[in-house]
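These are my notebook entries on one chain. I list what I looked up and what came back.

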Amino acid sequence: DPVKNGTLSVTIGDKTYTSPVKDGKATFTNVVLPDASGNFTVNYDNTSGYYWKSSGNLEIIIDEPIDTTVSNVTASGNVGEDIVAEFTVKAGDEDVTGGKLTVTVNGKDYEADVEDGKAKFTFNLDEEFSENNIEVSYSGTSLYKPSTGFLNLTVSKVETFVSDVTVVNKT
């Protein structure tokens, strides 16, 4: 017969997940999977005192990385201004954590870590930002597949005004 109650816990990475046991089953939600397959220790602790504490092994096998998408971002500004471009990286409806997002402008790479589905860049719009449709690449991990998005950027030149013109007529 399955145990009727107690607590089951498993540690994956640096986080421990705990779930109550009800009629021999425990359900874990919002678990962040490891970046690679591996074995993890599961511990059972009883609350009634009728069962011994015990532990077992949980094997997580990651067969195929999950497809991801990178959001497209539209931004604009004038030469010399700073702009912030925040991208999202998703696996279905879930936020991705891990890997890097890279924006390459005229051969220069800008990188940001992806945490909680987001990667943020601050760019100073100098002359190197002459491109307006810039590909953004997500590196992927052993859990997530690489993907791409775009930074649609409009860089306007700073308007200049000439005033107080003095004409000197020399003859």
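I start with the exposure classes: a residue is buried under 20% relative accessible area, exposed over 50%, and partly exposed in between, with a 1.4 Å probe and protein chains only. The model is predicted, so I keep to its limits: local features need pLDDT of at least 70, side-chain atom pairs count only at pLDDT 80 or more, and totals for chains, interfaces and linings use all residues. Residues are numbered from 1 along each chain as its sequence is written, and side-chain values use heavy atoms, with hydrogens and water left out.

Entry: the surface patch.
I looked up Val167 and found it exposed, with a relative accessible area of 73%. Val167 sits in the segment after β13 (147-156). Together with Val162 and Val165, Val167 forms a nonpolar surface patch with about 360 Å² of accessible area. Patches take residues with over 30% relative accessible area and no salt bridge; like charges are joined within 9 Å, and nonpolar side chains (Val, Leu, Ile, Met, Phe, Trp, Tyr) within 5 Å. Accessible areas come from the Shrake-Rupley method with a 1.4 Å probe, and for residues only the protein chains shown count as cover.

Entry: the whole chain.
I found zero helices and 13 strands. Helices (H or I, at least four residues) and strands (E, at least two) are DSSP runs numbered from the N terminus. The radius of gyration, taken over C-alpha atoms, is set against a globule rule of 2.2 Å times the number of residues to the power 0.38. The chain has 27 Å, whereas a compact globule of 171 residues would have a value near 16 Å. Along the principal axes, the C-alpha atoms fill a box of roughly 115 × 30 × 20 Å. I note that buried residues make up 29% of the 171 residues. The accessible surface comes to about 11500 Å², and 47% of it belongs to carbon and sulfur atoms. A contact means heavy atoms within 4.5 Å. Of the contacts between residues at least 6 apart in sequence, 51% join residues at least 24 apart.

Entry: a glycine in β13.
Is Gly149 buried or exposed? I found Gly149 buried, with a relative accessible area of 1%. Gly149 is in strand β13. Leaving out residues up to four places away in sequence, Gly149 touches Val70, Ser71, Asn72, Ile134, Glu135 and Val136. The C-alpha atoms of Gly149 and Glu135 are separated by 5.9 Å, with the two residues 14 apart along the chain.

Entry: salt bridges.
A salt bridge is a side-chain nitrogen of Lys or Arg within 4 Å of a carboxyl oxygen of Asp or Glu. By this rule I count five salt bridges. One of them joins the side chains of Lys145 and Glu64 (3.2 Å, N to O). Lys145 lies in the loop between β12 (133-138) and β13, and Glu64 in the loop between β4 (54-60) and β5 (69-70), so this pair ties together parts 81 residues apart in sequence. Lys145 also forms a salt bridge with Asp67, the closest N and O atoms being 3.2 Å apart. Asp67 is in the loop between β4 and β5, 78 residues from Lys145. I find Asp67 exposed at 52% relative accessibility, while Lys145 is partly exposed at 27%.
Another salt bridge joins Lys90 and Asp95 (2.6 Å, N to O). Lys90 is partly exposed at 26%, and Asp95 is partly exposed at 38%. Elsewhere, salt bridges with shared partners join Glu64, Asp67 and Lys145 into one network.
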